[in-house]
Amino acid sequence: MSRANEPPRPTDAELEILTVLWSLGPSTVRDVHETIARRKPTQYTTVLKTLQIMAEKGLVKRDEKQRAHIYSAARPREWTQKQLAGDLLQRAFGGSAASLMLGALSAHRASPAELAELRKFLEEYEKGKS
Amino acid sequence: MSLLAAWIHTPFARALGWTLVHFLWEGALLGMVLAAALRVLRGEPARQRYAAACVVLAAMPAAFAGTLAAVWWLRPVSAAAPLRWAAVPLSDGPIAVPAARFSWAMLLDHLAWLVPLWLLGVAFFCARGLAGWAAVRRLRRRGVCAAPEEWQARLDRLAASIRLSRPVALLESCFTDTPVLLGYLRPAILLPLGCLTGLSVAQVEWILLHELAHVARRDYVVNLLQSLVEGLLFYHPAVWWVSRVVRAERENCCDDRVVELMGDARAYAATLAVLEDRRALVPQAAMAATGGNVMKRIRRLTMEPRGAQASVAPAASAAVLLVLFAAALTALPARLPKARHAHPIAPPARIAMAAAVAVQTEQAPANGLSTPYKKWLTEDVAYIISDEERAAFLALGSDAERENFIEQFWKRRDPTPGTEENEMREEHYRRIAFTNEHFAGSVAGWKTDRGRMYIVYGPPDEIDDHSAVSASNPHPNQLWRYKYIEGIGRDVLVEFVDRDGTGDYQMTKDPSPMPAQYRKWLNDDVAYIITPQERGVFQSLTADSQRENFIEQFWQARGGAAAKAEHERRMAYANQNFTTAIPGWKTDRGRIYVMYGPPDSIASFDGSKIEWTYKHIEGVGNNVVVDFQDSNGSGEYRMTKDPRADADPQFQVLRKQLAESAGNPRRSGQETQSRLQQLQSKLAALNQQIAQGRQEEQASVLGEDANSRQLEQLRKQLAETARQLQEALPNQQDTANAARLQQELISRMQQLQASRVQLDQLVAKQQEEERASESARKDLQYEIEALAATAQPLEPGVQIGVRVEQTGPGNVTVHVPLDSPGDRYHLLEEVLTPQGKIVHLKGADPTGPEFSQPVSLRAGKYQLLVVMKNLATGATHHAYFDFTVN
């Protein structure tokens, strides 16, 4: 269980690329670049360079079997999310941020009792449908 | 600490303290009001309960502010007011005071510390809000990526389906575990990663629709205000409870909207359940202590309404609080007689009082104006001053500024800025005087509807007066007709009716502009074929459906779709074949063609003249000949006055018809002529101004490129205006065009005025640097202008023996022969005009046959202006001589 084997915490730019990879699944540099460029103007070479660095750090895996290299996230999203959950700002002020956002669900998660009730409702719903 | 201790005993801090205490029962009362309202609204749509909760939430800070204001205004102002927060006189030493009273005083003294504590709390919530805002910003930027394009497209379609025009971005984020909406100006929906792939398309659309409903309802703003109220009144549980009700009902409102649009409440409820279920899979640092509300919403969506969400607990606790504080308040005044003055008025009265104060201060500026300026603003120019100007005028602080403003106000509207008189101002006051003389009834003439119309738009072109009352005409009325009103249209009809016989005529309908497409239809599409009566009817219509109906009837009366198609073909033909600088249908040939169709024969003479012959024109006669001429080679043929026209009444009838059909005024030719002459003389004056400007420019060292370019540009514009005016001349009927030209002319004159002001400033700056005194220099300048303007250039071939001798660095002697050559010319004047600098050479005694003058000049190029008189003819001539000083 050596810490050295664990990839380091991603930077913001790296995190954005990881998000794209989690969203799209294994992708070429072009796919990643196109998705990022839709939100803000970004150079293709910047994305390529960042992906190469991330591959060295062990944040992404590179599949070189095909002519266009395919990149995929080295770790599942949940793992990284847990790693980033220690983000002080996010944790300390998550509550106040939540009250500034509007969501389909309340900022507070359902309690275990509610979850149980919810699942019962879902089961009934599925039964009613079939 | 002593500073703080001193502060908390200031009157304001005391007022704040009392307000904090009073709000305890006020908040509780408001909470109970909401609880009762929710009970009444049980089973009503969520938006009603939401509205009730919002009103109560808004009433809380209002009550707080009102209480603060009331406590502040009613504070004891006597000099004897004790310094201590509690109104217990200090002289009542502890020995003299019974134990109970003493403890009250102590308690109140300590209560004073509530204020700083409360401020501390507010600061904390402010900081928390700012930090939250920063976190939201980070959430939007960090660990997000744009959702696949097909999803963005789906979102746009959904937004369009609920008529939401603002763009909403769709992002996927690895930091959120539930779909959220952020941002107000640039809203974005954040979906947790995996949401798009883990749910069905319909389920995602339901969720997106829920978020879009938030955007459409502008919930984000309400939520922000709500957070502010929470922060301000954080210490009161009722505030938090009301706020929670608002949040819950807001979600219910959006749920209702989604179900309204998509139906199938159960499937939507299941989507929420799946979403909540999936959320549990995402790891979280700490489990939230309080549960969410999703199950309540699911129950509400899938079952019959079970009643208001309000539980008994908050209502009960509010009631307890209320009773407690009511008791405390009744006890306090009895024991603290002086403090009673601070709160004898019930809250509603206090709020009303605060509102009254606010209104008073708001009106103060207008009331602060002294009478002449108030009258100027609210009477003299009330109808023509713009909102911005009004605001600017009210903001002025001194009478000098106001005088200046009024001067500028009229200057901006002066059609001839160069002249002493201001035609616009004179006309305006003439109109006011006219209305007061003619329209006055129970109110002053200028205040009546007719007065307003007259002042703003001037005298109407026609008035149909029906002041005689009869069975068919129960009320005296007047119909005013304006041929053309800028910005409203042609043939504007305004009806005034005197309903009660008092002489107060009231406008029945504001001549509001009709929609652009109908204006185009009336003034462009069918301008030539609609009769004046039809035009009047069409302009009196108010609803678009009526207009559509009218258009249909219009074509029916002319033979239906075939006539319409033929008319459109003619318009298209005219545009295709006669278009020059102006669209083909507006040309003379276009007009004739659209009205009467293709001529039976066309003859062309020497390339600039065309003759059209119609065998028969209904209402005009047989063998109608129309001549067109292209006088300036521009390709635009104008209808000329046929040489046979005088003998041939046909032509005049045709012209009259044309004039009428184009909706032009039946102004007499003379009138139009004189108007155009006016315009032309104005133009001439302008050209003169420009010439003057150019001379000034020449005389100025600062006659730099920018200036001359500007003037050149203006000159070109004016030349263009002149050309248009020339064009307008033969086309006398076209008043609209002339009006437009006049407008243009006025605006150009204003431009010219502005550039002249600039030029004057530059010249003035230059003058400061002059060695010669200001007045001397000016005199000289005028002299030069006069000379250059009156003198002619020297006749060709005539030589004057002007010599410039360089006597040293920067020193020259100018020699000008007094008489030359052959004694035909005599020297009158000589002026050295280096660029911008003027040195008058005259003054030295002429000795001998020539005039010699030593001058000290800086190195550079100079010009000498010499004015000679031709002894034979008596005419003056001028010549320029260039020389260089080393």
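Which strands form an open sheet in chain A, and in what order?

## Basis

This is a predicted model: local features need pLDDT of at least 70, side-chain atom pairs count only at pLDDT 80 or more, and totals for chains, interfaces and linings use all residues. Residues are numbered from 1 along each chain as its sequence is written, while chains are lettered from A and ligands numbered from 1 in the order in which they are written.

## The sheet of chain A

Three strands form an open sheet in the order S1-S3-S2 (chain A), with antiparallel pairing. Strands are DSSP E runs of at least two residues, helices H or I runs of at least four, both numbered from the N terminus. Two strands pair if DSSP finds at least two bridges between them.

S1 (27-28) and S2 (60-63) of chain A stand at the edges with a single partner strand each, so one side of each has no neighbour in the sheet. Helix H1 (residues 12-24) of chain A packs on the sheet and touches S1, S2 and S3 of chain A. Contact means C-beta atoms, placed from the backbone, within 7 Å. Two bridges join S1(A) to S3 (residues 70-73) of chain A. Thr28(A) has Ile70(A) as its bridge partner.

## The sheet across both chains

Five strands form an open sheet of mixed pairing, in the order S4(A)-S3(B)-S4(B)-S2(B)-S1(B). S4 (102-103) of chain A and S1 (144-146) of chain B are the edge strands, each with a single partner, so one side of each lacks a neighbour in the sheet. Three bridges join S1(B) to S2 (residues 169-173) of chain B, and the two run antiparallel. Cys145(B) stands opposite Glu172(B).

Notes: Contact = placed C-beta atoms within 7 Å. Axes fitted to C-alpha atoms, helices over the stretch in contact; angles between N-to-C directions.
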